[in-house]
Amino acid sequence: MRSRDREQTRRRLLDAAFVEFAAYGIGGARMERIARIAGCSAGLAYTYYGGKEELFDAVRSEVVDAAAVEFDAADLPGYAARWYDRQHEHPELARLATWHRLERPERISRSAEIEAIRRAQDQGLVSQRFSAEQVLVLVLAIASMWSDAPADSSDHVVRRQTVQDAVRRLVEP
């Protein structure tokens, strides 16, 4: 198989797996269904990724990179609004993150963001009412609170503003 064909097959498998894992999680996903959607055999899917766990890891790694929004500890309300927008535009990202939390409870390292918040707190830009770790968790929770709302929701603008205002009030010194 040519290198280009292998890469196209890998891409189709990742795309199909993203949809499958967002809908069913690791436990409910089926390699046979992923392979069928990707237009290849289940055997080939196992050859590329070894199994669901490895394929989930590959999808998650790719999604984390694609879903990233600019983090700015000095503008946590803006960060929360951008994260809300990303989830509103792509609700499957929030579903995949939920499945990850449910089925893979290990923590994701957010040490860079926590350290940036700590520095912003030391500079008086962010309140010290909560630890940097708590601030980050609260900001992410606020940004995600409507992640299951319909994408065509007419309340989008109001919800986005609510997210931004709530985070602003949370972090204001």
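How many salt bridges does a search of the whole structure find?

Modeller: The search turns up 10 salt bridges, counting a side-chain nitrogen of Lys or Arg within 4 Å of a carboxyl oxygen of Asp or Glu. Bear in mind that this is a predicted model, where local features need pLDDT of at least 70 and side-chain atom pairs count only at pLDDT 80 or more, while totals for chains, interfaces and linings use all residues. Residues are numbered from 1 along each chain as its sequence is written, and side-chain values use heavy atoms, with hydrogens and water left out.

Let's start with Asp15 and Arg11, whose closest N and O atoms are 2.8 Å apart. Both residues sit in helix α1 (residues 3-28), four residues apart, or about one turn of the helix. Helices here are DSSP runs of H or I with at least four residues, strands are runs of E with at least two, and the numbering goes from the N terminus. Asp15 is partly exposed at 39% relative accessible area, and Arg11 is partly exposed too, at 32%. For those labels, buried means under 20%, exposed over 50%, and partly exposed in between, using a 1.4 Å probe and protein chains only.

Next up, Arg110 and Glu113 meet through their side chains at 3.3 Å, N to O. Arg110 is partly exposed, with 27% relative accessibility, whereas Glu113 is buried at 17%.

Then there's Arg118 with Glu133, a salt bridge at 2.6 Å, N to O. Arg118 belongs to helix α7 (residues 111-122) and Glu133 to helix α8, so this pair ties together parts that are 15 residues apart in sequence. Both ends are partly exposed: Arg118 has a relative accessible area of 29% and Glu133 has 36%.

The buried residues of α9 pack against α5 (76-89) and α8 (132-144), a contact being heavy atoms within 4.5 Å. Those buried residues are His156, Arg159, Val163, Gln164, Val167, Leu170 and Val171. They cover an arc of only 135° around the axis, which puts them on the same side of α9; the arc is that of the directions from the helix axis to the C-beta atoms. As a geometry check, α9 has 16 residues (156-171) and should span 22 Å at 1.5 Å a residue, and its end C-alpha atoms are 23 Å apart, which agrees. That expected span is 1.5 Å times one less than the number of residues.

Zooming out, the protein comes to nine helices and zero strands. Its C-alpha atoms fill a box of roughly 60 × 35 × 30 Å along the principal axes. Of the 173 residues, 40% are buried. Among contacts between residues at least 6 apart in sequence, 64% join residues at least 24 apart. The accessible surface is about 9800 Å², with 52% belonging to carbon and sulfur atoms; areas come from the Shrake-Rupley method with a 1.4 Å probe, and for residues only the protein chains shown count as cover.
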